[in-house]
Amino acid sequence: MTYLCHNSDRSLNMMKSGFLLIITLLLLLACNKQQQSNLPEEQAASSKALEIPDKPVTDRLFFIEGQLCQHLRNIFQDSKGNLWFGTNVYGLMRYDGDSLVYFNEGNGLERSGRFTGIAEDKEGNLWFAAYGGLLKYDGNGFKNFSTDEGLIDNELWSLLIDSKGMIWIGGTEGLYRFDGNEFTSFPFPKANVPNPEHQYAENRITSLLEDRQGKIWIGTDGYGITLFDPSQAKNPFSHFTQAEGLADNTISNLFEDKAGNIWIGTVFGGLSRFDRNNFKNFTSEGIIEGIEVGGLHQTQNGDIWFTAENHGVYRYDGTSFHNYTQESGLQTNAVLAIYEDRESRFWFGGWGGLFRFNGESFQPVSKKGPWE
């Protein structure tokens, strides 16, 4: 999902977006004045971590007591088992099985405002898309790539490392690739959409997916989905928009399930599923609620989970949908990220921090856990 929350009333959307922007700026200013880590001295010295005080003044209206941060948007487990959490304002967090470390400006990150993507390459390096550029973590420290290092656009929204090791980067101004040495633009034809409606920017790339056939699915802001098939040299591009049955032309998330279906979260049209022949639009058909859908994830048992702005999260078991909201114990209806790790721990992140689901109830995760 995007960093701005949306309702069906567009005028209310603008007011809400402005309010969130003001609050975010206030939080950022407050964070710059906060003291450093309350972690044990040896841990803080070794990691140069930044800790968040238990009760920042500006966060008291939003924080669940003891939470890790106010706004968590990405969850990822690397090949070593470390859990990484990308946030708005609070930089990156890493849990290594023993301790929680905050990485922020001043200890390796030149910019740490908004993290929109996390991926790992075949060598075990971690890559992060952020508002301010691309970051690489090699296990020892961070390397920052911005326009100064050849990156074409500093405002990034999506990230993919494909099966050949190519890094795809979606920015506000378009799509780029990085082969480890050079950044290059990847121009592609836009779909013919009459009077396109953009949530943020005309050329923004919102989501990237490589399917099991090696095709690259490109989510756009107002032009639906462009499919790039590198095996088709003469005509490698095709398009899916509302004209082809897609629920909405502004894409927020793309996901392929174990059966090969493509699930599409949109900003103004809710959830669609594409079986490679036809679209099933669950929101517009009245099966689920929530017009902005993202956070798509499939658990080990095959269930599809996703977020629906202002409507909590949904679980689809292949037959029916089950909705979890604040009324059913979820502490926030503004969830952005869903992730089941290799240890079958089930994580939810969003407005209000990090939560775990034990199969029956949701539990806030503080600096002390529960982690195991």
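The largest pocket holds about 1,200 Å³ of space. This is a predicted model, where local features need pLDDT of at least 70, side-chain atom pairs count only at pLDDT 80 or more, and totals for chains, interfaces and linings use all residues. Numbering starts from 1 along each chain as its sequence is written, and side-chain values use heavy atoms, with hydrogens and water left out.

Start with the pocket. Rolling a probe the size of a water molecule over the atoms shows where empty space is left. The search runs on a 1 Å grid over the protein atoms alone; a pocket is an open set of points where a 1.4 Å probe fits, with protein on both sides within 12 Å along at least five of seven lines. Its volume is the space filled by probe spheres set on the points, which are joined across faces, edges and corners. Lining residues have an atom within 4 Å of a point. There are 36 of them in the largest pocket, and the closest to its centre are Ile118, Leu159, Asn253, Leu254 and Leu296.

Which elements give two or more residues to that lining? They are β1 (72-77), β5 (115-120), β9 (156-161), β13 (205-210), β17 (251-256), β21 (293-298) and β25 (335-340). By class, 18 lining residues are nonpolar, twelve are polar and six are charged. Here Ala, Val, Leu, Ile, Met, Phe, Trp, Tyr, Cys and Pro count as nonpolar, Asp, Glu, Lys and Arg as charged, and the others, Gly among them, as polar.

Now step back to the whole chain. The protein chain has two helices and 28 strands. These are DSSP runs, numbered from the N terminus: helices are H or I with at least four residues, strands are E with at least two. Of the 372 residues, 59% are buried. Buried means under 20% relative accessible area, exposed means over 50%, and partly exposed lies in between (1.4 Å probe, protein chains only). Contacts mean heavy atoms within 4.5 Å. Among those between residues at least 6 apart in sequence, 48% join residues at least 24 apart.

Next come the aromatic rings. A pair of aromatic rings is described by the distance of the centres and the angle of the planes. Rings of Phe, Tyr and Trp (its six-membered ring) pair if their centres lie within 6.5 Å; planes under 30 degrees apart count as stacked, over 60 as edge-to-face and the rest as tilted. The whole structure has 47 aromatic pairs. One of them joins tryptophan 305 and phenylalanine 346, edge-to-face, at 4.9 Å centre to centre and 90° between the planes. Tryptophan 305 lies in strand β22 (residues 304-308) and phenylalanine 346 in strand β26 (residues 346-350), so this pair ties together parts that are 41 residues apart in sequence. Tryptophan 305 is buried at 3% relative accessibility. Phenylalanine 346 is buried too, at 7%.

Another edge-to-face pair is formed by phenylalanine 348 and phenylalanine 362, at 5.2 Å centre to centre and 80° between the planes. Phenylalanine 348 belongs to strand β26 and phenylalanine 362 to strand β28 (residues 362-364), so the pair ties together parts that are 14 residues apart in sequence. Both phenylalanine 348 and phenylalanine 362 are buried. Elsewhere, Trp84, Phe103, Phe115, Phe128, Tyr137 and Phe142 form one aromatic cluster.

Charges meet rings as well. A charge sits over a ring if NZ of Lys or CZ of Arg is within 6 Å of the ring centre and within 35 degrees of the ring normal. The charged end of arginine 177 sits over the ring of tryptophan 168, 4.9 Å from its centre. Arginine 356 lies over the face of tryptophan 347, at 5.0 Å from the ring centre.

Asparagine 195 is found in the loop between β12 and β13. Its phi is positive, about 50°, although asparagine 195 is not a glycine. Is this residue buried or exposed? Asparagine 195 is exposed, with a relative accessible area of 76%. Proline 196 sits in the loop between β12 (183-185) and β13, and is partly exposed at 28%. Proline 196 touches Gly222 and Tyr223, not counting residues up to four places away in sequence.

Valine 89 also has a positive phi, about 80°, although it is not a glycine. Valine 89 lies in the loop between β2 (83-87) and β3 (92-95), and is buried at 6% relative accessibility. Finally, a cis peptide bond joins glycine 369 and proline 370, with omega about 10°. Proline 370 is in the segment after β28.
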